[in-house]
Amino acid sequence: MDLDFLRIVPSIPFILNGIWVTLLFVLVAAIIGFIIGTILSLFKISNISWLKWFADAYTSIFRGTPLILQLMIFYFATPQLTGYDIPAFLAGILAFGLNSGAYISEIIRAGIQAVDDGQREAAEALGVPYKPMMKDIILPQALKNILPALLNEFVTLTKESAIVSTIGFLDIMRRAQVVSANTYTAFEPLLVAGLIYYLLVMGLTQLGGLLERRLRKSE
Amino acid sequence: MSNAFIKIEDLHKSFGKLDVLKGISTTIQKGEVISIIGPSGSGKSTFLRCINLLEKPTSGRIWVGDDEITDKSTDIMKVRQNVGMVFQHFHLFPHKTVLENITYAPMKVKGISKAEAEKIAYDLLEQVGLAEKAGQYPNRLSGGQKQRVAIARALAMSPDVMLFDEPTSALDPEMVKEVLEVMRSLAETGMTMAIVTHEMGFAKEVADRVLFLDGGVLVEDVPPEEFFSNPKSQRAQDFLEKVL
Ligand SMILES: Nc1ncnc2c1ncn2[C@@H]1O[C@H](COP(=O)(O)OP(=O)(O)OP(=O)(O)O)[C@@H](O)[C@H]1O
Ligand SMILES: [Mg+2]
């Protein structure tokens, strides 16, 4: 097999610029996912049965269907149903944010339930109402415990984000495909993209490890 | 008994089919220290936890001060601010410093300013002999120190009553004394206290009354001298034989 990287060298900056596009995409999707996940997790542990039911149904649907299908639905069904010509970026972060919200809600729910029940009792015995108790006592401890799982979710999002290339969003993956088509090279741009994803994932994992150690030390 | 500070009337509590408290009635006067004693599983913790509504009584009525706390219209949060509780396993907030553990509830619940809350906290830390630990995180403290912080944390809400559920049972023997000392001096300040304990010596010395629970029934409710030297019931006699 002969690979010809020279031919794509002029296009490499174009692919590299995709890093920011991908990272921004993942960041926004993760923030949306985190907010939705937090709310859903609170629903799941509440005693209000329809909130529980809603959160469980939500989770079940988003985890039970392929992400690429959800993405397609947001991208193609929105214009058809509402007439709004949804941009790829918006469809992408909606699909990814709502999807990861389902996964993150499970992570946070487990994290909350892993906090010693005595913490809740101690707060209750002091007369602390539910909201500040959750916000100041339970969630900070839960988040600390689940930080590795959350970072893992972020890494997964980074890799999976390549799916948005299918709706034409110019992320790393899509850029590699564009270069591939323009330069008549099949593998080389993909290898470059693969290397970038790998380095990104490694970098994020390292960063996560660092953050985790920092947090552990602060206690 | 008309000026009882806490009044408990025919208190029942069951968990599903399990009847844990089977009709307990008693009163506690302002400034009184009572010890709750009984075999494991007799319902001591459940009884105590009903007084701040950590457990919801199945039936019966409880008054704390002028409020009937079992009345539906009573604000549970208000009741709890007025009833401090100390747990066997401390339950300090691990992500907050000793100082923050103590100032959190007064600031959050009572809306006291930070400066004022810290002043109260330092006074209380002084009182429990831990002023130099204010900036530490709980995991740096010994069990006895943790429990003294937990006592200070409860006192920071200036409650009228303090409940203790086996406050020394999780401690190494050499740390029991420092916690009992704090409790003893608290009793001397006139605090109304209800203490579930296995420390018979302490109960004998500090308590004004002993409540002996067995199988969810209040079997004896007498002064400690009487309970320890001359228990009326067979069950109390058997129990004392085992523990003394
Ligand atoms: N939340 C609960 N759900 C179900 N059963 C419970 C619950 N809390 C307590 N029980 C049961 O109620 C009974 C009395 O428990 P409680 O903790 O009040 O006893 P105790 O006298 O404090 O015992 P110990 O000396 O072991 O602390 C026990 O049989 C216990 O298993
Ligand atoms: Mg108990």
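How far does a backbone N or O atom of Gly43(B) lie from an oxygen atom of ligand 1, and what is the distance? In this predicted model, the answer is 3.0 Å. A backbone N or O atom of Gly41(B) sits 2.8 Å from an oxygen atom of ligand 1, and a polar backbone atom of Ser42(B) is 3.2 Å from an oxygen atom of the ligand. These residues belong to a longer list of surroundings. Ligand 1 has around it Phe15(B), Leu18(B) and Val20(B), then the run Pro39(B), Ser40(B), Gly41(B), Ser42(B), Gly43(B), Lys44(B), Ser45(B) and Thr46(B), and finally Glu166(B).

How much trust do these coordinates get from the predictor? Chain B has a mean pLDDT of 94, with 99% of its residues at 70 or more. For the model, the scores are ipTM 0.93 and pTM 0.87.

Next comes the place where the two chains meet. Chain B brings 24 residues to the contact, and chain A brings 21 residues. The size of an interface is often given as the accessible area lost when the parts come together. Here, the area buried between chain B and chain A comes to about 1900 Å², and carbon and sulfur atoms give 62% of that.

Six residue pairs are in polar contact between chain B and chain A, counting pairs with both residues at pLDDT 80 or more. Helix 3 of chain B supplies the largest share, with four residues. Sorted by class, this side of chain B holds 14 nonpolar residues, five polar ones and five charged ones.

As for salt bridges, two of them link chain B and chain A. Asp136(A) and Lys108(B) form a salt bridge, and their closest N and O atoms are 3.4 Å apart. Over all chains, the count comes to 19 salt bridges. One example within chain A pairs the side chains of Arg120(A) and Glu124(A), at 3.1 Å from N to O.

Key: Residues numbered from 1 in each chain as written. Chains lettered and ligands numbered in written order. Heavy atoms only, no water. Contact = heavy atoms within 4.5 Å. Buried area = accessible area lost by both parts, 1.4 Å probe. Salt bridge = Lys/Arg side-chain N within 4 Å of Asp/Glu carboxyl O. Polar contact = N/O pair within 3.5 Å; in protein donor to acceptor, adjacent residues only side chain to side chain. Helix = DSSP H or I, 4+ residues; strand = E, 2+ residues; numbered from the N terminus. Nonpolar A, V, L, I, M, F, W, Y, C, P; charged D, E, K, R; others polar. pLDDT = per-residue confidence, 0-100. Near = heavy atom within 4 Å.
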